[in-house]
Amino acid sequence: MVRNSTKKLALLAILTAMCVALRIFKIIPVPNVQPVTDILMIVTLNIGFGFGFALALLTMVVSNIYLGFGIWTVSQVLAYGGCVLTVALLGKFTPLKKHFTLQLILAVFLGWEYGCFVDFGMSIFGGFNAFLAYWAGSLVFDTYHAIGDLVFYPILYKPLNIALDHYKRRLL
């Protein structure tokens, strides 16, 4: 039992380091375009909500050590938590895991969902008008995020699934 926990912790550390590096060192110099959302989605579909949420939490906290902490960190963690919950619920109650096209559509949607949750969290004290202002101001950047998810998901899909399948076989 301890050995499995050690393997899970090691996998979480490796995936966190990968997500943090990809978030800090931009692959593509376009705002909000990074593969973190896609990685969280693939990991959540393969390993589950708890692991996906832990990865989201660690990714945001560790990367914000470098990028800067603020009230937005809470919004970012909760936004990715909402995205992970969406993936977990759809993975459980729909045939999402078996259909790549559905996964791709969801990956695009998560770009907008993440942005909407962050906007909501940032405007919590300003009311609905503040939310509308944040949402309108970030819609272009959320669209960049969604397009980035569309591009990165097919690239990450096979290698990450193979690696996570290998991990699950060795764990059991």
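Trainee: Is Ile155 buried or exposed?

Mentor: This is a predicted model. Ile155 sits in helix 6. Exposed means over 50% relative accessible area. Ile155 has 52% relative accessibility, so Ile155 counts as exposed.

Trainee: How far apart are the C-alpha atoms of Ile155 and Asp38?

Mentor: Along the chain, Ile155 and Asp38 are 117 residues apart.

Trainee: Which residues have the most contacts inside the largest nonpolar core?

Mentor: In soluble globular proteins, nonpolar side chains tend to be buried together. Here the largest nonpolar core has 37 residues. Inside this core, the residues with the most contacts are Ile39, Met41, Leu55 and Tyr80.

Trainee: Which elements give two or more residues to this core?

Mentor: The core has 37 residues. Helix 1 (2–24) and helix 3 (49–67) are among the elements that give two or more.

Trainee: What is Leu55 in contact with, leaving aside its neighbours within four places in sequence?

Mentor: Leu55 is one of the core residues with the most contacts. Ile39, another of that group, is also a contact of Leu55. With sequence neighbours within four places left aside, the list is Leu12, Leu15, Thr16, Cys19, Ile39, Leu40 and Val43.

Trainee: How many cavities of 30 Å³ or more does the structure hold, and how much space lies in the largest?

Mentor: Rolling a probe the size of a water molecule over the atoms shows where empty space is left. The structure holds one cavity of 30 Å³ or more. The space in the largest cavity is about 40 Å³.

Trainee: Which elements give two or more residues to the lining of the largest cavity?

Mentor: The lining is made of Thr37, Leu40, Met41, Thr44, Tyr80, Cys83, Val84, Val87 and Leu110. Two or more of the lining residues come from each of helix 2 (36–47) and helix 4 (71–93).

Trainee: How many residues of that lining are nonpolar, polar and charged?

Mentor: Met41 and Tyr80 belong to the cavity lining. They are also among the core residues with the most contacts. The lining of the largest cavity divides into seven nonpolar, two polar and no charged.

Trainee: Which residues are the closest to the centre of the largest pocket?

Mentor: The largest pocket holds about 420 Å³ of space. It is lined by 19 residues. The closest to its centre are Arg23, Asn32, Gln34, Gln76 and Tyr114.

Trainee: Which helix gives the most to the lining of the largest pocket?

Mentor: Helix 3, helix 4, helix 5 and helix 6 each give two or more residues. The lining divides into seven nonpolar, eight polar and four charged. The most, five residues, comes from helix 5.

Trainee: Is Asn32 buried, partly exposed or exposed?

Mentor: Asn32 lies in the loop between helix 1 and helix 2. Its phi is near 70°, a positive value in a residue other than glycine. Buried means under 20% relative accessible area, and exposed means over 50%. Asn32 has 30%, so Asn32 is partly exposed.

Trainee: Which helix gives the largest share of the lining of the second largest pocket?

Mentor: The second largest pocket has a volume of about 200 Å³. Its lining divides into nine nonpolar, two polar and no charged. Helix 4 and helix 5 each give two or more residues. The largest share, five residues, comes from helix 4.

Trainee: Which residues does Ser75 touch, not counting residues up to four places away in sequence?

Mentor: Ser75 is found in helix 4 and lines the second largest pocket. Ser75 has 5% relative accessibility, so Ser75 counts as buried. Beyond four places in sequence, Ser75 touches Val118, Gly121 and Met122.

Trainee: Which side chains meet in a salt bridge?

Mentor: Side chains of opposite charge can pair when their charged atoms come close. The structure holds one salt bridge. Its N to O distance is 3.7 Å, and its partners are Lys168 and Asp165.

Trainee: Where do Lys168 and Asp165 lie?

Mentor: Lys168 is partly exposed at 29% relative accessibility. Asp165 is partly exposed too, at 32%. They are three residues apart, about one turn of the helix, and both lie in helix 6 (residues 127–171).

Terms used:
Residues numbered from 1 in each chain as written. Predicted model: local features only at pLDDT ≥ 70, side-chain atom pairs only at ≥ 80, totals over all residues. Heavy atoms only, no water. 1 Å grid on protein atoms, 1.4 Å probe; cavity = no way out; pocket = protein on both sides within 12 Å on 5 of 7 lines; lining within 4 Å. Points joined across faces, edges and corners; volume = space filled by probe spheres on them. Helix = DSSP H or I, 4+ residues; strand = E, 2+ residues; numbered from the N terminus. Nonpolar A, V, L, I, M, F, W, Y, C, P; charged D, E, K, R; others polar. Salt bridge = Lys/Arg side-chain N within 4 Å of Asp/Glu carboxyl O. Buried < 20%, exposed > 50% of the residue type's maximum accessible area, 1.4 Å probe, protein only. Core = buried A, V, L, I, M, F, W, Y, C linked by side-chain atoms within 4.5 Å. Contact = heavy atoms within 4.5 Å.
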